[in-house]
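Reader: I am new to this one, could you show it to me and talk me through its charged pairs?

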Amino acid sequence: MYDSQDPPPTVPHPRTPKARPSLPDGSKQKKAPVRKKTVSFSSMPSDRKISSTAACMAFMMEGCEMKKVRSNSRMYNRYFLLDPDMHWLRWEPSKKDSEKAKLEIKSIKEVRLGKKTPVLRSNGLSDQFPDECAFSIIYGDNYESLDLVGSTADVVSTWVMGLRYLVSYGRHPVDMVEQSKPSLRTSWIGSVFELADMEKDGHIDLFRATQIIKGLNPGMKDSRIELKFKELQKAKDQYGEDINMDIFVEAYCEICTRPEIFFLLVQFSTNKEYLDSKDLMLFVEVEQGAEAVNEDMCREIVQKFEPSAEGRERGYLSIDGFTHYLLSSECHIFDPQHKRVCQDMTQPLSHYYINSSHNASLLEDHFWGSSDISSYIRALRMGCRSLEVIVWDGPDNEPVLNVINQYAFESSEYPLILCLVTHCCIHQQRIIVQHMKKILGDKLYVELPNKEEIYLPSPEKLRGKILIKGKRLPPSCTESEGEVTDEEEGLEMPRRFGANEKDHLNGLVKRLRLCRELSDLVSLCKSVQFRDFDISKRDQKYWEICSFNEVDANRFANEFPEDFVCYNKRFLSRIYPTPMRIDASNINPPRTSGNVAAKL
């Protein structure tokens, strides 16, 4: 889109990032009555999912091994667990008396995820473990810190969520006894299983069970669901292609629960398993910042997103309904008013930021990544209005042009700029021109620029047109083909070999042969070499476009910010990533091009 203020396409609620699906833990084996003084730091092979408040508390009560980090940067293996009364956090073994190797929950001021204390950020430790495997407990009137490192990010996430819950809502006891009583969620997923059990023999086949869970959670991979079924079957010594209700329900709860959403639910729920209309009203007002919220509005949310009939009847929003609600368009931070064009599109083209893609065809990186046409489709569907198309000698086919013709204006009706990078012979160039005229037809904009104008036409005037960015033969060339320079690649050459600008101009710059037919397709986006801002202000035509390596762009932005901004008001400028970006990533516009109003 031609846009300077809209955020990217719809994203989930900011409090709901994706979480890892499983929790490999270091749980204590109950059969061991005595623990040795030396504790190994490793994860148990079991795979556990925290899908309820009771499960979270149970995990912490059972305990697991973590590393305790001291101020001298030394780490000690310790076994941490929550007391049954949920008032104390203990660890062992320890040189301290057992009554001193503990921390009272009510003394905790804050639980920080990541390396957020001087101890964890010290040079001797910062590279020994990832940020997501560390957390700190800030406690006491002096705000001391207990710094810990877990075996996995999911173990740490569970401890952080559980401790934060206890600190904020510890006065509400968790019902650890009634876990055997079917919850609103398990009753619903059990009813789904019963509907699928056509033969009423207590089991369904693996394929059907997998497809049901996938249907309830679009986007989830079959392999992940099947693996979970097999893991649960192995744990229960049940093998085969048949899935019973218990395994089906357990698998669903484990792989379809996002812990961060669950924790958000228990923060606002009075019973910690679902939200009633009053709980939901509090969440929408406090967390979402909505105004004029009432219970009728919340009951409508329940009716729309709660999957269970019982929940809809009783006005309860379960964790599944809550997840559906948070991921719906009603919770998107994207302003729905901006789904349609909301700016004045009659200004010159150089006054708009243009959604651009560099190396659009690459699936991975510069050196080992493969190219695929689907990358062009994805870029166009995401709203890209400037695509780089690299042309090499090859068979006489045109799949890329067919894709561009089909998807060019699917997401936006405003002009599409094709940046042609030509690496082919004259014969192939003429074939390309034939294909472009045949396939793109009237969409190609080939009108010569109006020399009486001083600015580019507007996006509104160029609606539905495809502009070709490339080289044109100089006016002095009267032949059917000629030689032009390729400045974009040529500018990199002298830097790599340590040559100065004079050497660059004398021969290191790359040259290529260009046919007249391809030259004539270039109209409003003629590529020219940038000299300096004074020369551009005096001589550059409005239909000419210069390309800058991101290193040069950053240097100009820092040394000549005013000149660069004025330049970009009148001309289009393209900033392309440095070759050092092996992963083929694009630059960050706000940090470079956005600061000086560069458009591509």
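Author: What follows is a short talk about salt bridges. This is a predicted model, in which local features need pLDDT of at least 70, side-chain atom pairs count only at pLDDT 80 or more, and totals for chains, interfaces and linings use all residues. Residues are numbered from 1 along each chain as its sequence is written, and side-chain values use heavy atoms, with hydrogens and water left out.

Reader: How many salt bridges are there in the whole structure?
Author: A search finds 25 salt bridges, each being a side-chain nitrogen of Lys or Arg within 4 Å of a carboxyl oxygen of Asp or Glu.

Reader: What does aspartate 296 pair with?
Author: Aspartate 296 forms a salt bridge with arginine 299, with the closest N and O atoms 2.5 Å apart.

Reader: And where do those two sit in helix α9?
Author: They are three residues apart in helix α9 (residues 295-305), so about one helical turn separates aspartate 296 from arginine 299; helices here are DSSP runs of H or I with at least four residues, strands are runs of E with at least two, and both are numbered from the N terminus.

Reader: Is aspartate 296 buried, exposed or partly exposed?
Author: Aspartate 296 is partly exposed at 48% relative accessibility, where buried means under 20% relative accessible area, exposed over 50%, and partly exposed in between (1.4 Å probe, protein chains only).

Reader: Switching topic, which residue does glutamate 481 meet in a salt bridge?
Author: Its side chain meets that of arginine 513, at 3.1 Å from N to O. Glutamate 481 lies in strand β18 (residues 481-485) and arginine 513 in strand β19 (residues 511-515), so the pair ties together parts 32 residues apart in sequence.

Reader: Which residues are linked in a network?
Author: Salt bridges link Arg430, Glu481, Arg513 and Glu517 in a network.
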